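I opened the file to look up a few things and keep the notes in order. The entries follow the order in which I checked them.

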Amino acid sequence: MDLKLVDTTTTASFVSAGGAITDSGVISASTLTTTSVGGTTLDNANTVRSFNATNKGGGAVSLTNTAAPLAVTGISNAGGGAITVTNTGQVNVTGVVSATGGNGSITITASSPLNVTNTITAAGTGSVTLTAGSAGAFNNTSTVTGPGGVTVNSGSITAFGTVNAGTSTITVNNGAGALDIGLLDAGTLTGSALSVTSGNMTTVSGLAFTGNMTLNSSGAITVTNAVSSTGSLSATATGAITGTAGGIGGSSLTLNGSTVGTAGAGNELLLGTVGTLSGSVNGAAGTDVFNVKAGGALSIGTITTGTTV
């Protein structure tokens, strides 16, 4: 079924019981509902306010849209194919989005805030990629499952919810925005590794992760509540890594910053449970400081610094 031009201020429903649905013209509707066999591909500059799709028998479900906001009230792809929604503007996921029957991945992209209030579940080894835009906020109060990995791209995070990447990696790209990484632990995080990139990082709420953790900050990392991983933890900052409370730890801990801790007694970066400690500092000549306080036995690996250890 080819939708050449649809223009209505109310609901548009299309059922193709024997085949796929495509568009060769722009669809404009307050609500769009599709039912297809073999896929639904709507890739024009559509202006839809609410979208619901059901597909089986193979093929992908995709929508390109330019109306803000867009409500995704439910997408079911039982054919093993992917699900892709791209909107110029806000996206609110209010209904269940699921890809089943194969290894279908799910990608939802907004150019401004992305709000998730219902479950998103990829199939088999499929992944989930959620993008709120470089200046957009990501808000998840539900559960996101991507056995092949879960990636969140945003400018800020207000709630992270429950994220399950199975035995794959949870990746958070927060751009240059500041981030309290403790927000990531408000729900349940499941994955083999957690990788976080942002501007300044704080740990107001604390974070405990079962697996390996990588923190990359284009600013500073300030530890005010406990941050720990059961595996390795690597923290790298363009600025300083500091904090006299909470503690940071992992089975192996690597710290790289302009300074680690600050000079003087009482200004040490507090460590949590650590197996082996390594790291480096790269501050201005004569200002390098690597000043830490261990809470227990500690094995020291390679530490590269200028003046004070």
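**Aromatic pair**

I searched the whole structure for aromatic pairs and found 1. The model is a predicted one. The pair consists of Phe-138 and Phe-160, with ring centres 5.9 Å apart and planes at 65°. I noted it as edge-to-face because that angle of 65° is over the 60 degrees required. I then looked up where the two rings sit in the chain. Phe-138 belongs to strand β18 (residues 137–140), while Phe-160 is in the loop between β21 (156–159) and β22 (162–164). They are 22 residues apart, and the pair links distant parts of the chain. I checked burial for both: Phe-138 and Phe-160 are buried.

**Whole chain**

I counted secondary structure next and got 37 strands and 0 helices. The C-alpha trace spans about 70 × 30 × 25 Å along its principal axes. Of the 309 residues in the chain, 46% are buried.

**Nonpolar core**

I went to the largest nonpolar core, which has 67 residues. The residues with the most contacts inside it are Leu-114, Ile-120, Phe-160, Ile-248 and Leu-255. Strand β35 (residues 269–281) gives the most to this core, namely 5 residues. I took Leu-114 for a closer look and left out residues up to four places away in sequence. Its contacts are Val-91, Val-93, Ile-108, Leu-130, Thr-131, Ala-132, Ala-137, Phe-138 and Asn-139. Phe-138 in that list is also one member of the aromatic pair, and Phe-160, the other member, is among the core residues named above.

**Strand β32 and its partners**

I asked which residues of β32 are on its covered face and which on its uncovered one. In this strand (residues 232–237), Leu-233, Ala-235 and Ala-237 form the covered face, and Ser-232, Ser-234 and Thr-236 the uncovered one. Then I followed the pairing. Strand β29 (residues 212–217) runs parallel to β32 and is joined to it by 5 bridges. Ala-235, from the covered face, is the bridge partner of Leu-215. Strand β34 (residues 248–257) also pairs with β32 in the parallel sense, over 5 bridges. Here Thr-236, from the uncovered face, has Asn-256 as its bridge partner. Ile-248 and Leu-255, listed for the core, fall within the residue range of β34.

Ser-30 is in the loop between β5 (27–29) and β6 (31–37), and its relative accessible area of 25% makes it partly exposed. Ser-50 lies in strand β8 (residues 50–56). I recorded Ser-50 as buried because its relative accessibility is 13%, and the limit for buried is under 20%. Neighbours within four places in sequence aside, Ser-50 is in contact with Ser-30, Thr-31, Leu-32, Leu-70, Ala-71 and Thr-73.

Last, I checked the peptide bond from Ala-68 to Pro-69 and found it cis, with omega near 0°. Pro-69 is placed in the loop between β9 (61–65) and β10 (70–77).

Technical notes. Residues numbered from 1 in each chain as written. Predicted model: local features only at pLDDT ≥ 70, side-chain atom pairs only at ≥ 80, totals over all residues. Heavy atoms only, no water. Buried < 20%, exposed > 50% of the residue type's maximum accessible area, 1.4 Å probe, protein only. Helix = DSSP H or I, 4+ residues; strand = E, 2+ residues; numbered from the N terminus. Pairing = 2+ DSSP bridges. Core = buried A, V, L, I, M, F, W, Y, C linked by side-chain atoms within 4.5 Å. Contact = heavy atoms within 4.5 Å. Phe/Tyr/Trp six-rings, centres within 6.5 Å; stacked < 30°, edge-to-face > 60°.
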